[in-house]
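Please walk me through this structure, beginning with the overall fold and moving on to individual residues.

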Amino acid sequence: MQKLEDILKNYSINGKITNQTEGPVLKIIEFTPETGTKLKNITSVTEDIRRELGVSSLRIEASSETNAILFQIPKENADIVDFKSQINSSTFDTAKTKYALPIYIGADIKGNPVVADLTKMHHLLVGGTTGSGKSVGLNSFILSLISAKKPSELKFVLIDPKKIEFSIYNNQKYLYHPVITETNEAVAMLSHLAQEMDKRYEILAESMCKNIADYNQKGEGR
């Protein structure tokens, strides 16, 4: 940290480092500049600061919470994010009461859990190259939903053409149907689900409800 302060002084950027935190992949150094220091005066010499620090990359941005400037430096070895500790965190506990279908997305740059509501993502596409973590992400979504809901509240239909990604869930009470691996079975199940969807739309229309949350709140689902 002292080295960074010295380097900044070489570019007439004065101030004091007030904090340093570490996330799974980054070290984050908070630098509070002297009053009147312009952010662009710091970002304009980003590459020179990176070179003098001797790091592979460097990101500089203003903090959204304080007057500090954040210097984000990659760690030599990334930490493993422990799913169990993340799912048992107070952040996820809050999400379970706040969101209808909370899914764990991952950890932010400081290592804090990031949780979203699946009901706000009506069409969610997970894409990426081979080995980029698509299956890990999908499994995180499934497990976070299982940890937040009872089998009576949630049922999965899992289609797995590879036959190896979701087979571990076959004995779960959360499955509406055993994991589907054959194309013809997948087509039949999707057709069945489409019919069920249309049936539920009719029920919602008859009950004058916009969605299942309104339906349940009115006590129609009892």
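The protein has eight helices and six strands. Helices (H or I, at least four residues) and strands (E, at least two) are DSSP runs, numbered from the N terminus. Along the sequence these elements follow the pattern α-β-β-α-α-β-β-α-α-β-β-α-α-α. This is a predicted model, in which local features need pLDDT of at least 70 and side-chain atom pairs count only at pLDDT 80 or more, while totals for chains, interfaces and linings use all residues. Residues are numbered from 1 along each chain as its sequence is written, and side-chain values use heavy atoms, with hydrogens and water left out.

The overall dimensions come next. Along its principal axes, the C-alpha trace spans about 70 × 40 × 30 Å. The radius of gyration of the protein is 24 Å, whereas a compact globule of 222 residues would have one near 17 Å. That radius is taken over C-alpha atoms, and the globule rule is 2.2 Å times the number of residues to the power 0.38. The accessible surface comes to about 14800 Å², and carbon and sulfur atoms account for 51% of this surface. Accessible areas come from the Shrake-Rupley method with a 1.4 Å probe; for residues, only the protein chains shown count as cover.

Of the 222 residues, 31% are buried. Buried means under 20% relative accessible area, exposed means over 50%, and partly exposed lies in between (1.4 Å probe, protein chains only). Contact means heavy atoms within 4.5 Å. Among contacts between residues at least 6 apart in sequence, 42% join residues at least 24 apart.

Strand 3 (residues 59–62) and strand 4 run antiparallel and are joined by four bridges. Two strands pair if DSSP finds at least two bridges between them. A hairpin connects strand 3 to strand 4 through six residues. Within this pair, Ala62 stands opposite Ile69 in strand 4. In a regular strand, side chains alternate between the two faces of the sheet.

The loop between strand 4 (69–74) and helix 4 (83–87) contains Lys75. Lys75 counts as buried because its relative accessibility is 15%. Its side chain reaches the backbone oxygen of Gly23 at 3.2 Å. This is a polar contact: a pair of N or O atoms within 3.5 Å, where within protein one must be able to donate a hydrogen and the other to accept it, and residues adjacent in sequence count only if both atoms are side-chain atoms. Leaving aside neighbours within four places in sequence, Lys75 is in contact with Glu22, Gly23, Pro24, Val25, Leu26 and Lys27. Lys75 is also linked with Glu22 and Asp79 in a network of salt bridges.

Helix 4 holds Gln86. Gln86 is buried because its relative accessible area is 8%. The side chain of Gln86 reaches the backbone oxygen of Gly111 at 3.1 Å. Not counting residues up to four places away in sequence, Gln86 touches several residues, among them Val81, Phe92, Tyr104 and Pro113.

How many salt bridges does the structure hold? There are nine. A salt bridge is a side-chain nitrogen of Lys or Arg within 4 Å of a carboxyl oxygen of Asp or Glu. One of them joins the side chains of Glu47 and Arg50 (2.7 Å, N to O). Both residues lie in helix 3 (residues 46–53), three residues apart, about one turn of the helix. Glu47 is partly exposed, at 49% relative accessible area.

Another salt bridge joins the side chains of Asp93 and Lys96 (3.5 Å, N to O). Asp93 and Lys96 both lie in helix 5 (residues 90–98), three residues apart, about one turn of the helix. Asp93 is partly exposed with a relative accessible area of 37%, and Lys96 is partly exposed at 31%. A further salt bridge is formed by the side chains of Glu165 and Lys162 (3.7 Å, N to O). Here Glu165 counts as partly exposed, at 22% relative accessibility, whereas Lys162 counts as exposed, at 59%.

Finally, Leu138 lies in helix 6 (residues 134–148). Leu138 counts as partly exposed because its relative accessibility is 31%. Leaving aside neighbours within four places in sequence, Leu138 is in contact with Val126 and Phe166. The C-alpha atoms of Leu138 and Asn211 are separated by 25 Å, and these two residues are 73 residues apart along the chain.
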